Amino acid sequence: MLDHLVLAVPDLARSVQSFTQRTGVAPAPGGSHPGLGTANFLVGLGGQSYLEIIGPDPDQPEPDQPRPFRIDAVGEPRIVTWAMRSTDLDAQIARARHGGFDPGDARAMSRRTPAGELLAWRLTMPRLDLGGLVPFLIDWGDTPHPTSRGLPELPLLEWHASHPDPGSVRRALAALGAELQVEAADRAGLTAVIEGRSGPVRL
């Protein structure tokens, strides 16, 4: 199940403003990721899925390591990967490895909301070697899902992927039990279309 799409941006404030102008909806502040040099804004996509807009956090110093999702190299906003929700992360990792794809080990993470609430989750680190088309896994455990907090919402109309070798992506997706339409193309990429206030918006 789609948990969230990751829209990486080079300038968070400017990108959120542009997103608001394009869609007619202002994303909700999510929070900062201490030590990673990033912060995010969130928009619901319908059901228990959402869009994460993530970029450099101007209120943090430069991190000691590159920011996640290759944000430091992003020249313009683009969907770089996606997360698949899991309710038994360790078992799903084991099944994927048995199926021929290693999603990596689980890692615990947390952040505080602007209201000070602590959110905690476990995930596998994003694998961007297949163009970000293969999801990382996330398990929210006992933490209420971000969509339960009344996020502004823009329905997800469609989303799909393209890759020069779609078969390799499909094999990895199958090992994870993930569903995503992957078409052959010269370049790898993810595309989503959401329903803005004035019509469809392509990301």
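User: What makes up the contacts in the protein with a separation of 6 or more?
Analyst: Taking contact as heavy atoms within 4.5 Å, residues 24 or more positions apart account for 65% of those contacts. This is a predicted model, where local features need pLDDT of at least 70, side-chain atom pairs count only at pLDDT 80 or more, and totals for chains, interfaces and linings use all residues. Residues are numbered from 1 along each chain as its sequence is written, and side-chain values use heavy atoms, with hydrogens and water left out.

User: What makes E2 an edge strand?
Analyst: Strands are DSSP runs of E, at least two residues, numbered from the N terminus, and two of them pair if DSSP finds at least two bridges between them. The open sheet has the order E2-E3-E4-E1-E5-E8-E7-E6, and strand E2 (28–33) pairs on one side only. Its five bridges to E3 (residues 38–46) meet the pairing rule, and the two strands run antiparallel. In E3, Leu42 is the bridge partner of Ala28.

User: Why is the set around Leu5, Leu51 and Trp82 called a nonpolar core?
Analyst: The name applies because such a core consists of buried Ala, Val, Leu, Ile, Met, Phe, Trp, Tyr and Cys residues joined through side-chain atoms within 4.5 Å; buried means under 20% relative accessible area (1.4 Å probe, protein chains only). This largest core has 40 residues, and Leu5, Leu51 and Trp82 have the most contacts inside it. Another core, of 20 residues, lies apart from it and includes Leu42 and Tyr50.

Methods: Helices (H or I, at least four residues) and strands (E, at least two) are DSSP runs, numbered from the N terminus. Buried means under 20% relative accessible area, exposed over 50%, partly exposed in between (1.4 Å probe, protein chains only).
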